[in-house]
Amino acid sequence: MKVAVTAASGNLGGEIVKATTLVVGHQNVIGLARTPVKASHLGVEVRKGDYSNREDLEASLQGIDTVLIVSGMDAPDQRIEQHRNVIQAAKTAGVTKIVYTSVQGAEEGTKFSPIIQSHRQTEEDVRNSGLSWVIGRNGIYIEPDVEYIETYKKVGEIANCAGNGKCGYTTRSELAYAYARMLTEEMHNNKTYNLHGEAITQAQLAEYLNLAFDTQLIYREMTVDEYRQERIAALGDFMGNLIAGIYEGIREGKADNHSNFLEAAGRGHQSWLDYFRLLKAAK
Ligand SMILES: NC(=O)c1ccc[n+]([C@@H]2O[C@H](COP(=O)([O-])OP(=O)(O)OC[C@H]3O[C@@H](n4cnc5c(N)ncnc54)[C@H](OP(=O)(O)O)[C@@H]3O)[C@@H](O)[C@H]2O)c1
């Protein structure tokens, strides 16, 4: 079985390449990348894979049985077309199965909803491709909060508009473990999975960070408007609105869903206690 993973130069794509090689071997995994040189460290064959270049995608997908499409980063309308390029190229090249990394979140009513809707459109395109498919709706990565620790330390708090809303966070390595199985096991075909660990509040997140980094962070709730204005001032209109939209969705419970991680991965998601204890031990 030959498996191709797109966006292999990125964090998630790279992790999925590594996890899949452990299942089917290095020789059976091909990384696709817009910038192939950035994926050369993975120790697998890397081919060209810009989502905007259908010809290259078609050539790169020759001989591939299953392709994983990592969602792109461009504006929603552009992403939909880029993902369609990969789907179409896969069909033309004779690929038999597509796995797509989608996302959970508020489908309506927030400034992040257009991104969620673009994922839902690609899900529909994948389901209608005529090929076998599996869709993972990823939870929110927890790593950015960990990487933000120095800033949190300076201000002594996590402040946002999520309120008491619970968020089903995950990590890229846990996702990669699940995707490696979704790619290589037929039992997942034609299923849509929510992929995340135990859902936690922002106050619980602060406690876990305190455990790992010996900090005394507190959680402070802001209104959606306050948080949006604060994020726009820090990050500009586009990103500020997007980030506030994500936390607004958490506030509304849209990131607190039933997790199918066990079914997808064949084992439970790493617990947050274990994750943060390991971070503490690694310091
Ligand atoms: N669940 C979450 O919390 C969360 C958070 C952020 C993003 N996401 C989504 O998850 C995806 C993967 O996350 P990540 O952490 O791996 O992001 P990342 O490390 O920033 O990697 C993004 C990857 O997308 C590739 N890419 C962008 N545009 C492309 C195009 N036109 N054609 C081919 N490849 C393209 C990049 O290629 P280059 O190396 O050439 O730039 C890179 O490999 C993101 O793209 C985004 O859709 C999810």
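I count Ala, Val, Leu, Ile, Met, Phe, Trp, Tyr, Cys and Pro as nonpolar, Asp, Glu, Lys and Arg as charged, and the others, Gly among them, as polar. The model I consulted is predicted: local features need pLDDT of at least 70, side-chain atom pairs count only at pLDDT 80 or more, and totals for chains, interfaces and linings use all residues. Residues are numbered from 1 along each chain as its sequence is written.

I found 22 residues surrounding the ligand, the closest being Ser9, Gly10, Asn11, Leu12 and Arg34. Helix H1 (11–24) and strand S7 (140–141) each give two or more residues to this shell. Helices (H or I, at least four residues) and strands (E, at least two) are DSSP runs, numbered from the N terminus. H1 supplies the largest share, three residues. By class, the shell holds eight nonpolar, eleven polar and three charged residues.

**Entry on the sheet.** I noted seven strands in an open sheet, ordered S3-S2-S1-S4-S5-S6-S10, with parallel pairing. Two strands pair if DSSP finds at least two bridges between them. Strand S3 (45–48) and strand S10 (191–195) are the edge strands, each pairing on one side only.

**Entry on one strand pair.** I then examined strand S5 (residues 97–103) and strand S6 (residues 132–138), which run parallel and are joined by seven bridges. Val103 stands opposite Asn138 in S6.

Methods
Near = placed C-beta within 6 Å.
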